[in-house]
Amino acid sequence: MAALSRRAFLTGTASAAGAAALASPANASAPPAPAQGPGVYHTNLGAIQLTALYDGIWYLPIDGKFVRNASSAAVNRALASAFLPPSVLPISFTALLVNTGDKLVLIDTGTGGQIADTAGSLPANLAAAGVAPSAIDIILISHFHPDHIDGLKTKDGDKVFANAEIWVPEPEWAYWMNDTHMAGVTKSVHGYFLNVRRIFGDIAKEVRRFKPGAEVAPGIVSVPAFGHTPGHTAFAIHSGNQSMLAMSDTVRNPCLFARHPDWQPIFDMDGPLAVKTRRAVLDRAAADRMLVEAFHFPFPASGHMVKRGLGYELVPVEWRPL
């Protein structure tokens, strides 16, 4: 059989398409869809059901300063290897709903539509999943960056999850709620401090704090994952002999920071500590063949991590019926 060259393949495909067009009578076409369907994906983990809730995507322009210890050229090569355009990082937002059978637990609350124009669809997708905000029993916050806490309130300052207990990492609260830490920070980080006060200021007495490492809900154990922020926390979810590690922002983008785990994006407040944490978490996930979930992975934001040379590769979950 003769080898098929790229030129012959493209020429043959174009000819076949043209012949099909000539052979078929013109038909009225349906109008194009204005939007994607609901961003909801369910996974059963033992007796627990996990639901990924898509909150949208932000196409962030990046420059040579985005990764502290890698050149712009190296970052763009990594983007190109993932079939992504240069100098733009797609940042997906996906929260995780955990139905333990007794409790509905939401891990992080998304952007509240206050971060980027393309984000803020979590409430609609929660409704598509058949869950009212008032039905959420517990909210677990991984850290205090705006895209993880802004969904707690509307733009007018009203509480979204009226009946939920709010649990946050103790070291995260201690850092961001201490005014002395605001001195000397960059303008963007100073904005984070102000935003934390906007979200938690009038509900501070209601917010419960946990020490990372403690069980925070039935079947959910908090895991210290410091570096991205001072109190950044992941969550290990267990049911029977099955488990998932919700990594939060330990690995922001699999094409960049799983394949190159030593890279330090400017979002990591303590770059060296974040690298140490990232490698430890990825090593554990790969060795234990754990299912993982990460807030910024492409929807439905879960899969398995495989060791590849000096880095790791995400093997995404395959869509399957329940």
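Strand β5 (residues 138–140) and strand β6 (residues 165–169) run parallel and are joined by three bridges; strands here are DSSP E runs of at least two residues, helices are H or I runs of at least four, and both are numbered from the N terminus. Within this pair, isoleucine 139 stands opposite isoleucine 166 in β6. This is a predicted model, in which local features need pLDDT of at least 70 and side-chain atom pairs count only at pLDDT 80 or more, while totals for chains, interfaces and linings use all residues. Residues are numbered from 1 along each chain as its sequence is written, and side-chain values use heavy atoms, with hydrogens and water left out.

The two strands belong to an open, mixed sheet of seven, ordered β1-β2-β3-β4-β5-β6-β7, where pairing requires at least two DSSP bridges between two strands. The edges are β1 (40–45) and β7 (207–210); each has a single partner strand, so one side of each is left without a neighbour in the sheet. From one strand to the next the twist averages 25°, the axes being lines fitted to C-alpha atoms and the angles running from 0 to 180 degrees between N-to-C directions.

Helix α6 has 14 residues, which at 1.5 Å a residue should span 20 Å, and its end C-alpha atoms are 20 Å apart, in agreement; the expected span is 1.5 Å times one less than the number of residues. Its buried residues are Val189, Tyr192, Phe193, Asn195, Val196, Ile199 and Phe200, where buried means under 20% relative accessible area (1.4 Å probe, protein chains only). They cover an arc of only 165° around the axis, which puts them on the same side of α6; the arc is that of the directions from the helix axis to the C-beta atoms. An α-helix has 3.6 residues a turn, so residues three or four places apart point the same way. The buried residues of α6 pack against α4 (146–149), β6, α5 (170–176) and β7, with contact taken as heavy atoms within 4.5 Å.

Phe200 and Leu256 touch the most other members of the largest nonpolar core, which has 69 residues. Such a core is a set of buried Ala, Val, Leu, Ile, Met, Phe, Trp, Tyr and Cys residues joined through side-chain atoms within 4.5 Å. Helix α6 (residues 187–200) gives this core its largest share, six residues. Apart from it lies another core, of 19 residues, including Leu50, Leu96, Ile138 and Ile220.

Valine 251 is in the loop between β11 (242–246) and α7 (254–258). It counts as buried, at 0% relative accessibility. Its C-alpha atom is separated by 6.6 Å from that of arginine 278, 27 residues apart along the chain.

Note on methods:
Buried means under 20% relative accessible area, exposed over 50%, partly exposed in between (1.4 Å probe, protein chains only).
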